[in-house]
Amino acid sequence: MKTWLNARNSRAARNTRAAFAAVGVVTALLGVPPALAGTYDLTIGETTINVSGSDRTALAINGTVPGPTLRFKEGEDLVINVTNTLDEDTSIHWHGLIVPTSQDGVPGLSFDGIKPGTTHTYRFPAQQSGTYWFHSHSGLQEQSGVYGSIVIEPQGREPFRYDREYVVVLSDWHDTKPEKILANLKKQSDYYNYNQRTLLSLFDEAEEKGFDAALADRLDWGGMRMTPTDIADISGYTFLVNGKNPEQNWTGLFAPGERVRLRFINAAAMTYFDVRIPGLEMTVVQADGNNVQPVKVDEFRIAVAETYDVIVRPMEDQAYTLVAEPLERGGLARGTLAPRDGMTAEVPGLRPRPLLTMADMSHGDMEGMDHAAMGHSMPAAEAPGAVEPPMSGMDHAAMGHGTMPQADGPPAQQPMSGMDHAAMGHAMPPASADADPFYAPGSGLTPKAANGGKFLSYADLKAQRPLYEVREPTREIEIRLTGNMERYFWSINDKKYSEAEPIRLTYGERVRFKFVNETMMTHPMHLHGMWTILDNGNGKWNPVKHVVSIAPGTTVLAEVEVDAPGRWAFHCHLMYHMATGMFREVIVEGGPQAAALN
Amino acid sequence: MPVQLSKSLAFALAFSTIAGAGVALAAGSHSGGHGHGPAIGEPGDGAAADRTIEVVMSDNYFEPEHLTIAAGETVRFVVKNDGEFLHEFNLGTAAMHATHQKEMATMMEHGMITPTGIDHEKMQMDHGGHGMEHDDANSVLVEPGATKELVWRFTADTHLEFACNIPGHYEAGMMGEIDVTKPAGSGS
């Protein structure tokens, strides 16, 4: 098999290896029946970018952040050469692609990584179609820019129509090197000497002091404790659309009346975005690379590492602003759809930061909870450089500079005077009839469309064509999402990756994962190698995804047909959560061993 | 027309726009009443059909997606649903379809139609004297696996669309173009 692949692709490889600066594509049609084969060359190296007002060193693929869009054809046999010009190991993981375990690109699980100065060749067939992405799975390189997009054209026709398409890569850039950010997060707890308290202890205290006093006290402490996670990690980001900041304004052109397919990819390290295009309804046709029954929305939330494809049809000869507002409202990613270059539309101001309510920390089983994560709701705007929401009428120039780096200082020393205790938790809004079932009833994070219209829910996602037969799971595995903010580590079932045994699955079984989020952050959980069937109550139409986002205080069920032997990564896709322990190895035992070999 | 109305009001609105099957339809009467829109034609007599056009529905697109028909022609459309979802074949202008999409959304909300079929019982429920059937002469709802016919006489040269107005389908591109050309031999 290997020899055959080599022979078949060697000509293409020779032809393209010379040019690494661009993605070389040579399609070889050899033999009968004709099969597609392509060779692609990627080089990972340092580059200088300026998206925040000053030149910074980024890690780039083929010289750009984001890296190139790789365009494959379903059924194509791929040969991808990745050259490492860094002075450290690197890797590329094909996010969402079903590949043999040896080609999955996770150092330590799939292979040894790509050593400095060497070229590693990935070989696998493109078995699927849709919008995906790729990124480094080494250290924190992804945060520094090692990510790009993948578009795989289907063998047959798409079950929808569009006249043109754009890949829209959303990401977050920080001028502070990610290793430094992580170090700050981990040392922050030393600045303050407080004990970890849980919600259960809050109720104990409430018995002594009365609930309001206990909660107010807790919020004071919690507010400072949160700082490491929220102020340090979230403020200071510059948000990018296809590598451009709001001022640089990525623009996609259209002719009025055309249907435009937008392939949204959230390649951010830590940022969820609420995405809308004021004046345009979006029809969601694909989620995580899999077609879904079309659903019209005014806005959607994209978790870290998810993809959504939407079709819009701008009819007017005018510009439309593409707004991707981070959940924490600490800035804005902005682009434009316009009939001609240079046209712009109004950029709406940031909406208020969502406030977490008691609902977000009121899961029945709270021992793993860490209230410090409440800082989602803390006004980080008190910190210097953060954008203060709301910012109606903000000008573009200010936006470009509104996100200044400040993770180097101890941001927890910023006064918390803006904190509104009354707004937090005292009022628990009743669950409304149309509340999103994927948020705790009364959650402060429940999304609302800016125009009062339809906000996409996970419950709306229905597979266009189910990939798997419906069957009862053979067993259930509980995955409690846990963490300890003081020492800044995140965990699964209270154990960090380094302390945990792998999860062992058997080829052929169907496992139900029961995700219980005991923290107050939302976690986008990503299983490599196999699809995750989200149980959203749609039965045979339950959608298949590669990322399932679990909001605070919620339990989400998802099923996996265990159909891929080998060693796989399973982790929260928030980079610093993954890096500090919210990660497991999944080993699939049995099954066709041949598939596990190259 | 807002879709989020009280139930009874939504129904009443749906009736007022869906009822009236069998009358000759002009675009103006459905698209907001400007009155001088292009005539979309009228129901035809199957026996008088000049030709038959087969249209296949899949999830979610039509084949073919472009037709050219001469004004004056009577066409028998044989519409086959090869998909797993309920689809509509509706002749009209883009504006008519936009209006009808709101009605279809209301019907979906009220369970009269589902993504995969028609709830005939709910569809035929009597609501204040109006039958709530989807029975416009310019439109057929075709359940998965079924084939239906629609005979239409095109009367004036214009640009029309055939569309599936099931929520999301038109927006995703389940529509086709019809160029209605001047009558053969009209010389003008």
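Analyst: In this predicted model, chain A holds an open sheet built from 4 strands, which follow one another in the order S3-S8-S7-S5 and whose pairing is mixed. The two edge strands, each of which pairs on one side only, are S3, covering residues 69–73 of chain A, and S5, covering residues 93–95 of chain A. If direction is ignored, neighbouring strands of this sheet are turned by 25° against each other on average.

Turning to the partner chain, the contact between the chains involves 13 residues from chain A and 10 residues from chain B. On the side of chain B that touches chain A, helix H5 of chain B, residues 169–172, gives the most, with 3 residues, and by class that side is made up of 4 nonpolar, 4 polar and 2 charged residues.

As for confidence, the predictor gives the complex an ipTM of 0.80 and a pTM of 0.80. Chain B has a mean pLDDT of 80, with 73% of its residues at 70 or more, yet over residues 1–37 of chain B the pLDDT is below 50, although the model gives this stretch 57 contacts beyond near neighbours in sequence. Residues 127–131 of chain B likewise stay under 50 in pLDDT, and the model has 7 contacts for them beyond four places in sequence.

Conventions
Residues numbered from 1 in each chain as written. Chains lettered and ligands numbered in written order. Predicted model: local features only at pLDDT ≥ 70, side-chain atom pairs only at ≥ 80, totals over all residues. Pairing = 2+ DSSP bridges. Axes fitted to C-alpha atoms, helices over the stretch in contact; angles between N-to-C directions. pLDDT = per-residue confidence, 0-100. Contact = placed C-beta atoms within 7 Å. Nonpolar A, V, L, I, M, F, W, Y, C, P; charged D, E, K, R; others polar.
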